[in-house]
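Hi there,

Here is the structure I promised to pass on. Have a look at it, and my notes on the salt bridges follow below.

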Amino acid sequence: MTGVSLYSVQKVLFRLNNDAAARKRFAQERDALLAEYALTDEERRALAGADVGQLHLMGVHPLLLAPFAGRSGLEWPDYLAALQRARDAQRK
């Protein structure tokens, strides 16, 4: 992931974490919202699917990822387990 691309992913997450209208729009018209950012297909899939493990491996900052995970329905232990599974899979 390039620096520009990571910045775009983190910008989406910052907006979703801090803007209720953006969260509502993400729920209702996710593809349109994500199309406003310079994201790869892989990044779009990870964001759309709330794949916190993949986002973690992409380098997303935990202070942005944790609130997104919580708003996506992941409990704290499940969030931590998803990160660990992603790291374990990467090592294989």
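Let me start with R91, which is exposed at 60% relative accessibility (buried means under 20% relative accessible area, exposed over 50%, partly exposed in between, with a 1.4 Å probe and protein chains only). Its partner D88 is partly exposed at 33%, and the two side chains meet in a salt bridge at 3.0 Å, N to O. That term stands for a side-chain nitrogen of Lys or Arg within 4 Å of a carboxyl oxygen of Asp or Glu. D88 and R91 sit 3 residues apart in helix α7 (residues 76-91), about one helical turn; helices are DSSP runs of H or I with at least four residues, strands are runs of E with at least two, and both are numbered from the N terminus.

Before going further: this is a predicted model, where local features need pLDDT of at least 70 and side-chain atom pairs count only at pLDDT 80 or more, while totals for chains, interfaces and linings use all residues. Residues are numbered from 1 along each chain as its sequence is written, and side-chain values use heavy atoms, leaving out hydrogens and water.

The whole structure has 5 salt bridges. One of them pairs E36 with R15 at 3.5 Å, N to O. E36 is in the loop between α3 (30-34) and α4 (41-48) and R15 is in helix α1 (residues 3-18), so this contact ties together parts 21 residues apart in sequence. E36 is partly exposed at 46%, and R15 likewise at 26%.

Within helix α4, R44 and D41 are 3 residues apart and form a salt bridge with closest N and O atoms 3.8 Å apart.

Enjoy exploring!
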